[in-house]
Amino acid sequence: MVPAKPTPNWVRLYLPELFRGLYITTRHFVVNFLGFLPVLGKVVKKEVVTIQYPEEERPISERWRGRHRLNRREDGSTKCVACFCCQTVCPAQCISIVAGESPDGEIEKYPAKFEVNLFECVFCGLCVEACPCDALYMDTREMKIAQYSPDKFVLGLKDLIR
Amino acid sequence: MTLDSLFMLLLQCLWAVVVFSGVAGLSGLLTWGERKQASLIQDRIGPNRANIRLIRNWRLFGLFHILADPVKSMTKEDFVPEGANRLMHMLAPLLSLGLSFVAFAVVPFAGPLTIHWKDIPAAQIPLLGRLFPGDALHLSEYTISFQAADLNVGILFIFALGALMVYGVLMAGFSSNNKFSFLGAMRAANQMFSYEVALGLCVIGVILMYGSTNVSAIVERQGELWFGVIPKWGIVTQPLAFFLFFTCGLMEIKRIPFDLPEGESEIVAGYFLEYSGAKFMMFLFAEYVELVLLAAMSALLFFGGWQIPFVSAQGINIPLLHLNFSWASLEFVKTHSYGMSLVNLAVVFCQAGAFAVKVVAFCMVLITIRWTWPRFRYDQVMRLGWQRILPLAMLNIVLSAAVVLVEAKYKPLVQKLLRY
């Protein structure tokens, strides 16, 4: 147990601490006020850290996970071979795939339907790690995925292949 | 009634309008300024989103919130609780707001201006001149005082209104038919009455020192100098009284750290709990008007009001340094007949500016205090008022009486010693 320290007498006097508080708040005010001024703002560094969101955006890190994307081959078709790895590993069960037979002889299947429900997605990135053929990515760097109608949150092949 | 007194009456009406719009404008600005200052204190940005759609991205640091807030409040439901006294419920915010505005009538916002122009006979004045045949407007020597009402009992008038302001709060609390409102009103009444005693005693020191209860006379006498160099402002002559007055004033306007009547954690919102929409806004606005009143009173009684140190209508004068510059020696004044009047007008404008700066500075101090200090406990408030501030205020009366006596006796001696 840590014994409580006795309050020093000068703190118990109350007045010095009141004025020290005023000094601290005034310092914050003055520093921030000067920081917002056009010329002085370059000299004084303000303590306000607010990012004015729609106008300003904070820098996104390289490994930041955003909206999904399906990678393409050189001929433009998707790299996905409908192996169901992502659907299996998905903890939120937001991916649903319907496989079709690929016309290409070398590749067995292709996704006839590939849907990601963004309402259910938790953006954990496990699907990207599970993907064996370099098809699924979350590197679109899109964070504004708001829509006006709920069915627009279910991304199909059209929205995914980039 | 003469033409001169009619002219004075018209001028006083004009000053009433000027003071009213000035106070209302400053209070309106403070509703935004307080939030903005608070946010800067707390490392935030504060309100900055309200804009007018016609002009894109024109936000003026959120100044449009001053317009947006009243529009929002006015369009809200005006709710009166069941069992409330409707008349009283409606009158309470009006009384609070009205009384706090009336107190500004005795606030002088600039020094007296003496006009040296010419007499205008009544025949030359259209319309009004016919009512006073043979009379004349004596503008060859006419002193304008910048004050809506020059009352000899100015300070007492403000205290009388301060005592009446309790009624607005009491009516709100009693008429709402709500236990929390009632508790808040009781707290407010108790607190305001307790501190009015101490507030009055603090000011007695000032009245002793400047020998008048007339606010403009008090401000005028603060232009005198001690030892020929120190302005005789209240903060110099009455430092103890200033701190006591300021504390009691904070209590009187029910702001943090003495905002017990609306202590959110204990009684929801206190006496204006049952108010909404425009009436609620009137209470809030009254609070800001009272804030400006306290700032103006502190500036008038303790920081020289409209006085600028060493500058007067005659010139710049520091006796100790034998610095004496008269406006009359300016080349401009010598060559033009109206020069002196024009210079005096400029001085008056500077004085009004100085007063405005002092008031705004005090408002900012009050806002800083609100966003720094925690609230007192109720028994602490009462103990502070009756056991600490009241005796100190009484001590201050004795001290200032002694200072006045000593000053009267030794002033010639000091003048001889310092040779001014």
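Here is a chat that goes through the two chains and the contact between them.

Biologist: Before we start, what kind of model is this?
Modeller: It's a predicted model, so keep that in mind throughout.

Biologist: Okay, chain A. How many helices and strands does chain A have?
Modeller: Five helices and five strands. Starting at the N terminus, chain A reads α-α-β-α-β-β-α-β-β-α.

Biologist: How do you know whether chain A is spread out or a compact globule?
Modeller: We set its radius of gyration against the globule rule. For 162 residues the rule gives 15 Å, but chain A comes out at 27 Å, well over that, so chain A is more spread out than a compact globule. Along the principal axes, its C-alpha atoms fill a box of roughly 85 × 55 × 30 Å. Buried residues are 15% of the 162 in chain A.

Biologist: Which strands make up the open sheet in chain A, and in what order?
Modeller: There are three strands, in the order E2-E3-E5, with antiparallel pairing.

Biologist: Why are E2 and E5 of chain A said to stand at the edges?
Modeller: Strand E2 (95-101) and strand E5 (154-155) each have a single partner strand, so one side of each has no neighbour in the sheet.

Biologist: What makes E3 and E5 of chain A count as paired?
Modeller: Two strands pair if there are at least two bridges between them. Strand E3 (residues 109-117) and E5(A) share two bridges, in the antiparallel sense, so they meet the cut-off of at least two.

Biologist: Now chain B. How do you know that the span of helix H3 of chain B agrees with its number of residues?
Modeller: Helix H3 (residues 86-102) has 17 residues, and at 1.5 Å a residue they should span 24 Å. The end C-alpha atoms are 25 Å apart, which agrees.

Biologist: What do the buried residues of H3(B) pack against?
Modeller: Three helices of chain B: H1 (3-41), H4 (154-175) and H10 (277-302). The buried residues of H3(B) include His89(B), Leu95(B), Leu99(B) and Phe101(B).

Biologist: Why is Glu34(B) called partly exposed?
Modeller: Count the C-beta neighbours inside 10 Å: Glu34(B) has 19. Being buried takes 20 or more, and being exposed takes 12 or fewer. With 19, Glu34(B) therefore falls in between and counts as partly exposed. Glu34(B) belongs to helix H1 of chain B.

Biologist: Which residues touch the most other members of the largest nonpolar core?
Modeller: Cys202(B), Val292(B) and Ala295(B), out of 88 residues in that core. H10(B) gives the most to this core, with 18 residues. Leaving out residues up to four places away in sequence, Cys202(B) touches, among others, Ala241(B), Phe245(B) and Asn396(B). A second, separate core of 17 residues includes Leu70(A) and Cys94(A).

Biologist: Last one: how many residues does each chain bring to the contact?
Modeller: Eleven from chain B and 13 from chain A. On the chain B side, H1 and helix H12 (339-370) each give two or more residues, and H1(B) gives the most, with three. By class, that side has six nonpolar, three polar and two charged residues.

Key:
Residues numbered from 1 in each chain as written. Chains lettered and ligands numbered in written order. Predicted model: local features only at pLDDT ≥ 70, side-chain atom pairs only at ≥ 80, totals over all residues. Helix = DSSP H or I, 4+ residues; strand = E, 2+ residues; numbered from the N terminus. Rg over C-alpha atoms; globule rule 2.2 N^0.38 Å. Expected span 1.5 Å × (residues − 1). Contact = placed C-beta atoms within 7 Å. Nonpolar A, V, L, I, M, F, W, Y, C, P; charged D, E, K, R; others polar. Core = buried A, V, L, I, M, F, W, Y, C linked by C-beta atoms within 7 Å.
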